[in-house]
Every structure is written in structure tokens, then in C-alpha cells.
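This report considers a structure through its charged pairs, its nonpolar cores, its chain contacts and selected elements. The sequence and model are shown first.

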Amino acid sequence: MQNNQTPEYAIETKDLSIHYGSFVAVSNVNIKVERLKITAIIGPSGCGKSTLLRAFNRMNDFVPSSHVTGEILLHGQNLYGKNVDPVQVRRKIGMVFQKPNPFPKSIYENISWGAKINGFKGNMDDLVEQSLRSAALWDEVKDKLKKSAYELSGGQQQRLCIARTIAIQPDIILMDEPASALDPISTLRIEELMQELKKNYTIIIVTHNMQQAARVSDYTAMMMIDDKRSGGVIEFDDTKKIFTRPKDKRTEDYVTGRFG
Amino acid sequence: MNTNNHYPQDESFRASLNTRYRTANIWQAIFMSALLVALISLMALIYTVIDGAFGYVAFEYKKDPATFTSTPLEKLSKEELLTILKSKLSSGAYKKLDGEQPMQARSQADLYSLFLERLVQLDTKQIWSMTDSILHGAEIKAETAKKYPKAKVEFRSWVSPQFLSSPMSSKAEFAGVRTAILGSLWLVGIALLFALPIGTGAAVYLQEYAPKNWFTNIIQMNINNLAGVPSIVYGMLGLAIFVRVLEPLTSGSIFGVTDSNGRTVFSAGLTMGVLVLPLIIINAQEAIKAVPDSLRQAAYGVGATKWQTVWYHVLPNSIAGILTGSILALSRALGETAPLIIVGASTFISVDPSGPFSKFTALPIQIYQWTTRAQPEFHAIAAGAILILMVLLLTLNATAILLRNRFQRKY
């Protein structure tokens, strides 16, 4: 599949640490996320999973005291480099949030707004349809595109948020516990959707739900806090290995449900 | 027996429970009486105003209407009134009235009150409050017949269409609040045009852009305190800055207006604008704060800049709250008197404000001026003007509530 021009990895971190003031929230992360695969980040509450995820599209920039040391490389370019604009980063790395957060606008506008502000010049109707199809939502909403997005169910709203992210054609989609606010059936639909999406997109997902990580992901990063309360990736491997033959004792305890 | 049990049992528990309920009942009664006192005060206020604005009036005609016309008074047509006024008024007086507003263009009611004021010379002998009029109607009539044999007694509402449409007059019976209402509307309009954009801008900057540090904390604290500064202080500010220093601007002389000084409706409007600015900023900040962060993140997530996020999402979703807050702030401006006295509202003016550089008066000023007069008729029209001011305030507040309900969003 891969030729020599495409880099093997979608994104990689080098000695990445995330600080809030003098507190190190996440320290020394070195992971390589493979292209067109789903990578899950798991770990107990407060270990910095979301913080790490948000570092990938510079969402942490909005936390006033936060800063980053080390590098996150996208196509060999450091996302925190001097000449990199965070808006440019978010344009390339889309994000789906924990709680469905569609804009209080019509379903159509939810998709078209991101395209519009990013200067999309193609046929907007086609883009909306295509994005909704990719998010497996088209058939449910094609007759009510002008209706408010708030009339959709929670699961539909979350798929709309995914469609909105796809519409700006990012390289990578970040998902921050995308199904934690949804019922099991909606969750299943999101998971199926992720399998479809990985044909075209690299996905990084944070999840609390270990079964979910085991079901959907190809790779898993296990995070844990150390004695200074800083989070770190203690093990990063094939999902199968993490769940069957983990190298780290703490990972084994966690995935077998002994704590966490 | 369980020796570890330190809780009261059975009988003693029931007794302690009764004590607890008793305490609760006492507090409930205290809270309810607080509400009751508030309600009674409010009712007393409304009653006093209404009591003064309606009631019996005993009045005489100094000259018998029969000397001017044979038609019964209530059947006089506009044409007849015009003919009578033209023939009986001195030509100088007629010309002066015609100059203020062409006689032909005036309404029948307007001409009729001119007829009563200038020719018949209506003379109010005594007035009574609404309560007196209702409870002692017969006695009032008997007393009047004895004291003023020629007088008629009529139940009069001091608030009437004529009261709304007439300008100021030196006779309470013919005075109206048109000039004052127009003055108040100009005032509030100018205040809004000045304070809404500046207030919203400041609120957006403070909420969305400004870093949180000691400097912005001080600014925030000052804004909160400014909202509580006595209005007379804003009057001093308005006098010093808008009336004096910026006189060329506020008198309109740099625009070629020559017949005014700095004591214009423009100066007063700007003063009111500064007065409500902190309120508008605080209300707008609250409205902006109410826009959930998840919405901002959604916008950033699809590659929006800060400006795009604010312009397309934060503002549209907070504009109803901003407008509601601004309207409530303006209703404060509508009732303010002290700063207007200082920046120099006219107490007697019968010409409508024609533009930002006009002299003006405002409803509260008019009310204040009328209540200081000795004649009881003026107190009655002051009560009438208060009713109109209250209706205006209620209308503004109702608009605010409607706006809020209409645009309320669920996230």
C-alpha cells in the first residue's frame, strides 16, 4: 500500500512534555502513530489522556498557563515550531469531542461552515452530501438538512460532528471519548463508522472503555501517572499485545480490571 | 441495649422533630412577611400614583361660553372653533399660535383646549383625589355648590390623549408631556447608540481576548464599582466633559448649529450613555459567558480563527442576552433625574426636540418640576406623568423579557 513518498507514520512525538505552569501534566511521550490506523489512548482518570490528545491539534493553547516541550512531528514538521500557526494545525488535524457539540445552526450549515471559513471553493451541496455519507448519516438527515442540528438524537449529533470534521478533509481525526455520552446502540454505530473512516483517515481515540479500545483500535498507548503525578505513556504496542501479553505489570493490572 | 447509640429514640426523637419543625415554621413566616412588606410597599406606591392621577375637579368658566357660541360645548366642530378663535383672539396672539403650529393643521381637541384656555378661561377651583371622589362624591358636590356656586364638578382623568399630545403649558389643565416624552426618547436613543457598541466591544474584548492578570482584574473591579457610582457623579462628569470641554461638538457649532450652548440633548444622551456603560458591559459579559466553551472548541476544531469564532458563534448566541441587558440598563437611564438636572435639562420648554443639538426636557425632570409647584393641579399631572413613565418602563422591561424568551437557546 505505502509507497516511498508517503511517510510511514502520520504523526510522531519526540520527548513530548506538556506543562501547566510548573506542573508537568504529561511527560516524555515518544510514540509513532501509524497512518490509516486507529490508535487508542487508555488509562485511569487524570492520567493526561485528553491533555495528550489535545496537544496534537494545539487545543491546549487555550489553557493560559500551558506550554509544551519536545516535538510533535507531522510530515516531519514540528507542530509547535516557530512558523506554525495553530489554526493551520487544526485545519489538518480535526477533532471530535466527548459531548456532541454541533453548532446551533442547521444540519447543512454545520457541515458548510467549516468549509466556508477555510475558503472551500468547490460545490458545497456535494461536499455536504459526501461528508454526511461518509459519516453514515446522509440517509437519516437528507430530507431535513435545513432543520436545526439540535433536533437530532445524541448519536446522530455525534456523527454530524464527525461529518463536520471530515468536511474540512483533515489528515488525522482526534476523538476524545466520542461515545462516552451515548447509549450502546449509538456507540456501536460510531465504532462501525470508525472502521469505515480508517480507510481514509488516521484516527487517534481517547477512551475510558477498555472493551472499546480492544474492539476498535489497531494500536494502544497505555498511560499512567508516576509518583510526581505526571502522566506518561508506559506502554505502546499492538492492541492485541496490550490486551493479551502486556509487558508492563501495571498495564496488565489495568486491562484485566484489577485497578483503575 | 445498644450503648453506642447517641441518637434520641422514639418519644424524645418525636419531641426533637417537633422543635425542628417549629424553627422551620418561624423562619418561613419571617420570609413570608418580608415578601408581604415588599408587596405592600409596591401596592402603596401604585395606589398613591393612581389616587393622584384621577378624581373630581371643580372648575369655573371666567367667561360664559355662551358669549362666544350658541352651540353646546361638546358639539363644537373644528371649523366653528377656528372661526371663534380667529374672531375673538387678538390678532397678535392668533399669529403667534399659528406660528407655533398652523391653526388649520391642529386637531379639534387641540383647538378646543385653546378655546377653553384663552377665551373661556377655565379656572380650576379645587381638585380631589380618587379615593375622596369615590367615597365622598355627594359631599364634594354639595360642598362645591356652597363654596363656588358657579362651578361645575367633573370626574377627570389627568392622563388623557390630550395630556400625551400637548406640550408644556403654564396652566396645569392644558399642560402635557409630549415634549418630555420626545426628550426622553432622544436621550435614551443617543445613550443606546453610544453605549451599546462600546459596551459590547469592551465586553467581547474582556471575555474573549484579554489575558487574566492583575491588570484586567483591576479593570474588571472598576467596571463593577462604576455600576454602583451615584448618578449625580455622572452628572458632574457630563457637565465637565460634554457640556464644557466638548461644547463645540455637543452644541453642534462645529456642524454649523449656532443657536445652542452645550446643554443639549446630545450632551445629556452621552452622559446617560456613560452612566449605563458599566451596566451594559457587565450584562454583555454575562451573556458572553453563557455561551458554552464546547461551542468555541467546536469552531476552533474545524480551523476557525478566534475572530471567526467570536463573530459567527459567540456573538450570535449572546446577542439576545446583550440586548436584554442593554434594554434593562436603558430603563435605568429613562428614570434618572439627577444627572439631567446637572447637565442642564430645561424645566420649562414647549418646543419639541428637533435634533441632537436641541434643548430638551425629560419625563423625570418634568415630574420633578411639577411636584415642586404649589398648585394641587400640578401634583395631579405629575401623578399622570409618573403613570406614563411607569408604562414606558414596563414596556421596555416587557420587550426585554420577550427578547429573552424569543431567542433563548438550548445547548
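This is a predicted model: local features need pLDDT of at least 70, side-chain atom pairs count only at pLDDT 80 or more; totals for chains, interfaces and linings use all residues.

A:D237 belongs to strand β11 (residues 231-238) of chain A, while A:K247 sits in the loop between α9 (239-244) and α10 (249-255) of that chain, so the pair ties together parts that are 10 residues apart in sequence. A:D237 is buried, with a relative accessible area of 14%, whereas A:K247 is exposed, at 70%.

Over all chains, the structure holds 21 salt bridges. One of them joins A:R58 to A:D61, with 3.0 Å between the closest N and O atoms; A:R58 counts as buried at 11% relative accessibility, and A:D61 as partly exposed at 32%. In chain B, B:D123 pairs with B:K125, the closest N and O atoms being 3.2 Å apart. Here B:D123 is buried, with a relative accessible area of 19%, and B:K125 is partly exposed, with 33%. A network of salt bridges links A:E140, A:R159 and A:R189.

## Nonpolar cores and domains

The domain assignment divides chain B into domain 1 (54-91 + 116-156) and domain 2 (178-407). The centres of these two domains, taken over C-alpha atoms, are separated by 43 Å.

The largest nonpolar core has 86 residues, and B:F115, B:L340 and B:W370 touch the most other members. Helix α12 (residues 265-289) of chain B supplies the largest share of this core, 14 residues. Both domain 1 and domain 2 of chain B give residues to the core, so it lies between them. Apart from it lies another core, of 43 residues, including A:L137, A:W138, A:A179 and A:L182. Leaving aside neighbours within four places in sequence, B:W370 has contacts that include B:F163, B:M168, B:V177, B:F378 and B:I381.

## Helix α1 of chain B

Helix α1 (residues 10-53) of chain B has 44 residues, which at 1.5 Å a residue should span 64 Å; the end C-alpha atoms are 64 Å apart, in agreement with this value. Its buried residues are B:V49, B:D51 and B:A53. These buried residues pack against β1 (54-61), α5 (130-135), β3 (152-157) and α17 (376-407) of chain B. The helix is followed by B:G55, which has a positive phi, near 155 degrees.

## Interface between the chains

Contacts between the chains involve 18 residues of chain B and 21 residues of chain A. The area buried between them is about 1700 Å², with carbon and sulfur atoms giving 65%. On the chain B side, B:Q297, B:Y300 and B:V302 lose the most area to chain A, together 32% of what that side buries. The count of salt bridges between chain B and chain A is 0.

## Two loop residues of chain A

A:G43 is found in the loop between β4 (38-42) and α1 (49-56) of chain A and is buried, with a relative accessible area of 0%. Although A:G43 and A:A221 are 178 residues apart along the chain, 8.4 Å separates their C-alpha atoms. Beyond neighbours within four places in sequence, A:G43 is in contact with A:K49, A:H208, A:M222, A:M223 and A:Y254.

A:K198 occupies the loop between α7 (184-197) and β9 (202-206) of chain A. With neighbours within four places in sequence left aside, A:K198 is in contact with A:L36, A:I38, A:I203 and A:D218.

Key. Residues are numbered from 1 along each chain as its sequence is written. Chains are lettered from A and ligands numbered from 1 in the order in which they are written. Side-chain values use heavy atoms; hydrogens and water are left out. Helices (H or I, at least four residues) and strands (E, at least two) are DSSP runs, numbered from the N terminus. The expected span of a helix is 1.5 Å times one less than its number of residues. Buried means under 20% relative accessible area, exposed over 50%, partly exposed in between (1.4 Å probe, protein chains only). Contact means heavy atoms within 4.5 Å. A nonpolar core is a set of buried Ala, Val, Leu, Ile, Met, Phe, Trp, Tyr and Cys residues joined through side-chain atoms within 4.5 Å. Domain bounds come from an automatic or database domain assignment. Buried area is the accessible area (1.4 Å probe) that two parts lose on being put together, summed over both. A salt bridge is a side-chain nitrogen of Lys or Arg within 4 Å of a carboxyl oxygen of Asp or Glu.
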